[in-house]
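Me: I have a model open and want to learn how to read its features. Please take me through them one at a time.

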Amino acid sequence: MSGNRTFTMLKPDAVENGHIGAILAKINEAGFRIVSLQMQQLSRHEAGLFYAVHKERSFYGELVDYMTSGPIVAAILEKDNAVEDFRTLIGATDPTQAAEGTIRRLFATSISANAVHGSDSNENTAIEGAFFFGAKEQF
Ligand code: GDP
């Protein structure tokens, strides 16, 4: 493996608004290598499991509704310092607070429909990547 990994999802708003290509281009331009890539629509069970850490938060129901509203694109990415660099590339959770030029600033529609997910640690990268991809689907 030539670098660290992170896991991302292009969320339903980004897919619905036709931003898959533009976001993947930004990811490649920023030096990330695509290790795994897949498009699918999450069930309520899957979305609930993926965001189980937020189960007690007031926005959990809204988040599950949103994440199951249309297809997502899941990917594992590789680069030195992948987790931190990808969080910088996507910007703050709330797109109105995200820095100029970040993916969320450019493509997100709201704090919930914020275009893209990025793992927050190496540990969660491994858990989230394995949620979608087996060893034979990681290149
Ligand atoms: P992230 O790591 O930047 O994605 O942010 P969090 O882990 O805190 O939240 C996970 C996801 O929940 C975010 O990406 C948003 O889609 C959603 N979310 C976070 N905060 C809010 C909120 O205050 N309201 C709503 N509706 N959704 C939120």
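Me: What are the ground rules?
Reply: This is a predicted model, so to speak of local features takes pLDDT of at least 70, side-chain atom pairs count only at pLDDT 80 or more, and totals for chains, interfaces and linings use all residues. Residues are numbered from 1 along each chain as its sequence is written, and side-chain values use heavy atoms, with hydrogens and water left out.

Me: How do I read a pocket?
Reply: Rolling a probe the size of a water molecule over the atoms shows where empty space is left. Here a pocket is an open set of points on a 1 Å grid over the protein atoms alone, where a 1.4 Å probe fits, with protein on both sides within 12 Å along at least five of seven lines. Lining residues have an atom within 4 Å of a point. A volume is the space filled by probe spheres set on the points, which are joined across faces, edges and corners.

Me: What volume does the largest pocket have, and how many residues line it?
Reply: Its volume is about 650 Å³. The lining holds 24 residues. Tyr51, Val53, His54, Leu63 and His117 lie nearest the centre. Two or more lining residues come from each of α3 (44–50), α4 (60–67), β4 (116–118) and α7 (122–132). The largest share, four residues, is from α7. Helices (H or I, at least four residues) and strands (E, at least two) are DSSP runs, numbered from the N terminus.

Me: Which classes of residue make up that lining?
Reply: Ten are nonpolar, eight polar and six charged. Ala, Val, Leu, Ile, Met, Phe, Trp, Tyr, Cys and Pro count as nonpolar; Asp, Glu, Lys and Arg as charged; the others, Gly among them, as polar.

Me: Now the ligand. Which residues surround it?
Reply: A residue is near a molecule if one of its heavy atoms lies within 4 Å of it. The ligand is surrounded by Lys11, Tyr51, His54, Phe59, Glu62, Leu63, Arg87, Thr93, Arg104, Ile111, Ser112 and Asn114.

Me: Is lysine 11 buried or exposed?
Reply: Buried means under 20% relative accessible area, exposed over 50%, partly exposed in between (1.4 Å probe, protein chains only). Lysine 11 has 5%, so it is buried. It lies in the loop between β1 and α1 (12–16). Contact means heavy atoms within 4.5 Å. Beyond four places in sequence, the contacts of lysine 11 include Tyr51, Arg104, Ser112 and Asn114.

Me: Where does threonine 8 lie, and what does its side chain meet?
Reply: Threonine 8 is in strand β1. At 1% relative accessible area, it is buried.

Me: What does arginine 5 pair with?
Reply: Its side chain makes a polar contact of 3.1 Å with that of glutamate 78. Arginine 5 is in strand β1 (residues 4–10). Arginine 5 and aspartate 80 are 75 residues apart in sequence, yet their C-alpha atoms are 7.9 Å apart.

Me: Which residues other than glycine have positive phi?
Reply: Asparagine 81 is one of them, with phi near 55°. It lies in the loop between β3 and α5 (82–90), and is partly exposed at 36%. Alanine 115 is another, with phi near 70°. Its loop runs between α6 (103–107) and β4, and alanine 115 is buried, at 0%.

Conventions
Polar contact = N/O pair within 3.5 Å; in protein donor to acceptor, adjacent residues only side chain to side chain.
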